[in-house]
Amino acid sequence: MIFFGDVCPGMRILELGIGSGALTLSLLRAVGKEGKVVAFDQNDRMIKRALKNVKEFIPEASLEVRKGDVYEGINCEEKFDRVFIDIPNPEKVVQFLKGVLKEDGLAINYCLQADQLQRYVVKLKKEGFYQIETFETIKREWIVDEQRVRPRERIIGYGAFVTVARVPREMVTS
């Protein structure tokens, strides 16, 4: 997600749904000391776990965590280069993205279910986002030895979908 979101040092990132903080850690490493990550979550337990994990690996992280229900709105005055979304109903926040993204900013969404993906992408299109790309992530082990190169017969795990979309300049609200 970091690669496809084209995250660079110095960027300002908004994360909707902090979870355990695993993505947060990667984002913090990518933006470096000059950048910043602002993360929203409404679950106290997840916020506490994420903060513990981040402090363990990056004690001086430039991270601000805010508690709030992003389905009701994203309470931010500042603009962000990228918004990373990992919440159950991402289509419900699309209407707020143009208010928090900078010109040509990217929204990067991670979801597990195809119907969730469909609702999100349809809403992006209705809201005028463009360069919308979706791909599936899946881990598949391979057998490699002197006699063969082939995938394992069974895939144990799951796939997920990543969607990257750009907000047009004319849609950005001040």
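# Exercises on a predicted model

At 2% relative accessibility, V100 counts as buried. The model examined in these exercises is a predicted one.

## Exercise 1. The surroundings of V100

Task: Determine where V100 is found and which residues V100 touches, not counting residues up to four places away in sequence.

Solution. 
- Step 1. Locate the residue. V100 is found in the loop between α3 (94-97) and β5.
- Step 2. Classify its accessibility. Buried means under 20% relative accessible area, and V100, at 2%, therefore counts as buried.
- Step 3. List the contacts. Leaving aside residues up to four places away in sequence, V100 touches L14, I74, C76, E78, K79, F80 and V83.
- Step 4. Consider a residue farther along the chain. V167 is 67 residues apart from V100 along the chain, and their C-alpha atoms are separated by 10 Å.

## Exercise 2. The sheet and its helices

Solution. 
- Step 1. Strands of a sheet pair through backbone hydrogen bonds, either parallel or antiparallel.
- Step 2. Examine one pairing. Strand β4 (residues 80-85) and strand β5 (residues 101-111) run parallel and are joined by 5 bridges. Within this region, I85 has N109 in β5 as its bridge partner.

## Exercise 3. Salt bridges

Solution. 
- Step 1. Side chains of opposite charge can pair when their charged atoms come close.
- Step 2. Take the pair R82 and D6. Their side chains meet in a salt bridge at 3.8 Å, N to O. The pair links distant parts of the chain, since R82 is in strand β4 and D6 in the segment before β1 (12-16), 76 residues apart.
- Step 3. Compare the accessibility of the two partners. R82 counts as buried, at 8% relative accessibility, whereas D6 is partly exposed, with a relative accessible area of 44%.
- Step 4. Take the pair K102 and D81. Their side chains form a salt bridge at 3.4 Å, N to O.
- Step 5. K102 is partly exposed, at 32%, and D81 counts as buried, at 15% relative accessibility.
- Step 6. Take the pair E127 and K123. The side chains of these residues meet in a salt bridge of 3.7 Å, N to O. K123 counts as partly exposed, at 26% relative accessibility.
- Step 7. Identify a network. Salt bridges link R12, K36, E64, R66 and E78 in a network.

## Exercise 4. Positive phi angles

Task: For D6 and Q131, state what the phi angle is and where each residue is found.

Solution. 
- Step 1. Most residues other than glycine have a negative phi.
- Step 2. Examine D6. Although D6 is not a glycine, its phi is positive, about 50°. D6 has its place in the segment before β1.
- Step 3. Examine Q131. Q131 likewise is not a glycine and has a positive phi of about 50°. Q131 is found in strand β6, and at 49% relative accessibility Q131 counts as partly exposed.

## Exercise 5. A nonpolar surface patch

Task: Identify which residues form a nonpolar patch on the surface together with W142.

Solution. 
- Step 1. Locate W142. The place of W142 is in strand β7 (residues 142-144).
- Step 2. Classify W142. Its relative accessibility is 46%, so W142 counts as partly exposed.
- Step 3. Name the patch. W142, V144 and V149 form the nonpolar patch, and together they have about 340 Å² of accessible area.

Note on methods: Residues are numbered from 1 along each chain as its sequence is written. This is a predicted model: local features need pLDDT of at least 70, side-chain atom pairs count only at pLDDT 80 or more; totals for chains, interfaces and linings use all residues. Side-chain values use heavy atoms; hydrogens and water are left out. Patches are made of residues with over 30% relative accessible area and no salt bridge: like charges are joined within 9 Å, nonpolar side chains (Val, Leu, Ile, Met, Phe, Trp, Tyr) within 5 Å. Accessible areas come from the Shrake-Rupley method with a 1.4 Å probe; for residues, only the protein chains shown count as cover. A salt bridge is a side-chain nitrogen of Lys or Arg within 4 Å of a carboxyl oxygen of Asp or Glu. Helices (H or I, at least four residues) and strands (E, at least two) are DSSP runs, numbered from the N terminus. Buried means under 20% relative accessible area, exposed over 50%, partly exposed in between (1.4 Å probe, protein chains only). Two strands pair if DSSP finds at least two bridges between them. Contact means heavy atoms within 4.5 Å.
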